[in-house]
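Subject: Structure for your review

Dear colleague,

Please find the structure below, handed over for your own work. The findings follow directly after it.

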Amino acid sequence: MNNSAMIRFPHLGISIPDFDRGFSIFGIRIAFYGILIALSVLIAVILCVRQAKRTGQNPSDYYDLAIICVLSAIVGARIYYILFNIEYYIDNPSEILNIRNGGLAIYGGIIGGFIAAFIVCRVKKISVLQALDTAAPTIALGQAIGRWGNFFNLEAYGDYTDCVFAMQIRAADASGVITDNIRNHMVNINGTDYIQVHPTFLYESVWCFLLFAAIMLFRKYASYNGEILLWYLGGYGLERMIVEGLRTDSLKIGNTGIPVSQLLSAVLLAGSLTVLIIMRINIKGRKNKNGI
């Protein structure tokens, strides 16, 4: 194992040498984080359009939805992040529009995108729930791809762990929050300090890939518009509720110490499961009533 690596997975025998977080073209800095986000959006749009064609919908509607929803998602992600770091941005208003230094929250993006989708679908007079069912699995896939941007930024990791997936990051390169617990368990290898943490970006990426695969596999069994959306919201809510509790950079609700995304995830999970159960009971009741 390379002892001078930037990132190491000691229990898996994996070492990753130095790498740059981006590159420059004509003096313009381009981050791999941005490339991965753009790639995730592009793939999601392509799959959405293919799914629209497969189900007899108008593919051009999804190009319009993609443009507006992506822009709204960026705005929503930024607003969400600012709201839960409001004291910093009150003191540093010039940083509000500076997203090159990070500061986008996925739940804000989802909320912003969903609001835009609702408005666009109402204007175009198309089914909101059908459109969201079409988009839901591609959102999961986009999240799975986009999370690797956190890998290149060396951020969005969890607290100290010695589990089999423990990840060591050269301390001087880490961009995320380093807690006292992480600092107390710092590892020194040949004179270089490493923090050892949960690779939470990896957990979420793998889960979202599996969620995407599961939805695509079982989508033919959906009984009503909105059911696939509920699968996505419940599935993502379950994962995020768990993983958010491991992260060191969670946005908190005021001074409560409660991670807002963890609470929102729990609400999404509970709400989705409740609606899914109620709808299944109603469908079964109608079938029994009709003698089916």
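Helices here are DSSP runs of H or I with at least four residues, numbered from the N terminus. Please note that the model is predicted.

**Helix α1**

Gln51 has its place in helix α1, which covers residues 32-54. After α1 comes Gly56, which has a positive phi near 80°.

The buried residues of α1 are Leu36, Ser40, Ala44, Val45, Cys48, Val49, Gln51 and Ala52. These buried residues pack against α2, α5 and α6 (148-153).

Gln51 has a relative accessible area of 13%; because buried means under 20%, Gln51 counts as buried. Neighbours within four places in sequence aside, Gln51 is in contact with Thr134 and Arg219.

**The second largest pocket**

Gln51 also takes part in the lining of the second largest pocket. The space in this pocket is about 210 Å³. The pocket is lined by 13 residues, and Gln51, Arg54, Thr55, Asp133 and Ile228 are the closest to its centre.

The most comes from α5, with three residues.

**The nonpolar cores**

In soluble globular proteins, nonpolar side chains tend to be buried together. In this model, the largest nonpolar core has 37 residues. Those with the most contacts inside this core are Tyr62, Leu65, Tyr80, Leu211, Tyr232 and Tyr236. Two or more residues each are given to the core by α1, α2 (59-83), α4 (106-124), α5, α8 (200-218) and α9 (227-243). Here too α5 gives the most, with nine residues.

Another core, of 16 residues, lies apart from the largest one; Phe151, Leu154, Ile169 and Val197 are among its members.

To return to Leu211, what does this residue touch when residues up to four places away in sequence are not counted? Leu211 touches Ala140, Trp231, Tyr232, Gly235 and Tyr236.

With kind regards

Key: Residues are numbered from 1 along each chain as its sequence is written. This is a predicted model: local features need pLDDT of at least 70, side-chain atom pairs count only at pLDDT 80 or more; totals for chains, interfaces and linings use all residues. Side-chain values use heavy atoms; hydrogens and water are left out. On a 1 Å grid over the protein atoms alone, a cavity is a set of points where a 1.4 Å probe fits but cannot get out, and a pocket is an open set with protein on both sides within 12 Å along at least five of seven lines; lining residues have an atom within 4 Å of a point. Grid points are joined across faces, edges and corners, and a volume is the space filled by probe spheres set on the points. A nonpolar core is a set of buried Ala, Val, Leu, Ile, Met, Phe, Trp, Tyr and Cys residues joined through side-chain atoms within 4.5 Å. Buried means under 20% relative accessible area, exposed over 50%, partly exposed in between (1.4 Å probe, protein chains only). Contact means heavy atoms within 4.5 Å.
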